[in-house]
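Welcome! Here is a short briefing on the charged side chains of one protein model. Please take a look at the sequence and structure first.

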Amino acid sequence: MAERLLAAVGAMVFGAGALVGAHPATALAAPAEHGAVEAIPGIGPCHTDPAPVHESLVPKTLEVPITYPVVTVDPGPPVENTKRIDMELPSDPCVNPCPDLTDLPAPPPSLNEQLGIPRLILHPQPFNFAFPNPNPPAVPPGPEPAHPGVETAPLTPARAMPQVTDVREVAKLTGANSINRTDKRWQVQGTDLGIMWESEPGEIAIAFGDTVGHDFHPPGGMGEDWRSNLLAFSTDKNLADGVTFDSMVTDSRCHATELLSSKKLDNIEITTIPTSGFALGDRQYMSYMSIRTWNSIPGTWYTNYGGIAYSDDHGRTWTKDAHAKWDNIFGVSNFQVSAMVPAGDYVYMFGTPNTRLASVGLARVPKDQVLNTTAYQYWRDGEWTPVGGYTSATPIVDAPVAELSVRYDAVRKIWQMSYLDTAKAALVVRESDSPQGVWSPGAATVSAMQFPELYGGFIHPWSTGNELYFTMSTWSDYNVYLMHATLN
């Protein structure tokens, strides 16, 4: 993952560090003392483990990619790992089920560590210039073209800005000393995002991004055993003390598996990152982005396309639909980073281009046509219309928007949106009476004054009333935390 460091560090410095001084008012409420997560019997942190603490902004190890050009041929689609196993874990999460895999002897401290000097790793990394694959795989026939009409969709009155109080860090969900001990149970030392949806009544699916196992050394996803994405499941309804994972999709003992494969070739396809998920009946859907390269200017990256994958075996294996894609034309197309939400007769797709600096577009599709891109209507100037396609959608929320999360609160009958606002250097929340808005002004929930390298902000679907729970990632820790805020 060394190739991701420069772009992501630059993005966070731009989006959360350099702008903190310009917006001190976004620190609305101080979280609980960092790391002060109460030990709760049965879920950890285990009494034998130290309390989780946030990493210093001064890294212990700094891995710097040294890119060099390579001319190659696009190898075509990567081979999918379909091996899956079911492993019964000890009921006590403080019991390590695989000490032979996860409790290996630590190397002796280096001279740099003894002196308190960051270790510098120079990592040669090829930057590929690829010729097309001479033998591209056959693509199955696509769905029959749909011909949706044009329908009026007026704006609804703007809601007042939510009033945010009682912001606190609830628990560390992933990594060492987390309440789930993912380092011991699934060889997940570092990961990010934590995108949640209700996979079935009473169960939540949680998708993660680039993940590393052994030799993990933050900041960022540095280390070995790189997996582009993972999936966990939880039936924990008591969010006040965190989200306990029941299981993760695994391919071997104590090893969470990659779900959506990637070529892992910089400037061809470096990784595939989940952006949202939802369930319709027995089928799970996951939107994702195919990342071409992270090596870009701060606040941006380049995608090949945004796509949709589906699973008919409850998330164990996934298929990337060959036709449900939104190509990134000239690097500026919308719906590369999407949040998809079923509501009523439709699935609504909120999307941004491949940056942390763009505005939000909106589309909808009948629930039985999710994989048919010709059935989508885009919201443009007060109408749902297929005319002009996805490049013509009218922005419903102005830039800058990153790591978008949207849900429909069926109890309150309102829409909620959470994302990283790099101008405010904070995670913010907005509300609306309709998907197209007008959306309320954004209210800061967590500020970079509190967590200088924060991103994410994915809403837990079981947030109720004025209790908002959401996940937050931090670049210095490169792990996922559950946060809480009260909305008045």
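A salt bridge is a side-chain nitrogen of Lys or Arg within 4 Å of a carboxyl oxygen of Asp or Glu. Side chains of opposite charge can pair when their charged atoms come close. This is a predicted model, where local features need pLDDT of at least 70, side-chain atom pairs count only at pLDDT 80 or more, and totals for chains, interfaces and linings use all residues. Residues are numbered from 1 along each chain as its sequence is written, and side-chain values use heavy atoms, with hydrogens and water left out.

**Salt bridges in the model**
- The structure contains 14 salt bridges.
- Arg159, Arg412, Glu431 and Asp433 are joined in a network of them.

**Lysine 264 and glutamate 258**
- Between lysine 264 and glutamate 258 there is a salt bridge whose closest N and O atoms are 2.6 Å apart.
- Lysine 264 is partly exposed at 24% relative accessibility, while glutamate 258 is buried at 15%.
- Here, buried means under 20% relative accessible area, exposed over 50%, and partly exposed in between (1.4 Å probe, protein chains only).

**Aspartate 49 and arginine 181**
- Aspartate 49 and arginine 181 form a salt bridge through their side chains, at 3.0 Å from N to O.
- Aspartate 49 sits in the loop between α1 (5-17) and β1 (61-73) and arginine 181 in the loop between β4 (164-172) and α4 (182-185), so the pair ties together parts 132 residues apart in sequence.
- Helices (H or I, at least four residues) and strands (E, at least two) are DSSP runs, numbered from the N terminus.
- Aspartate 49 and arginine 181 are both buried.
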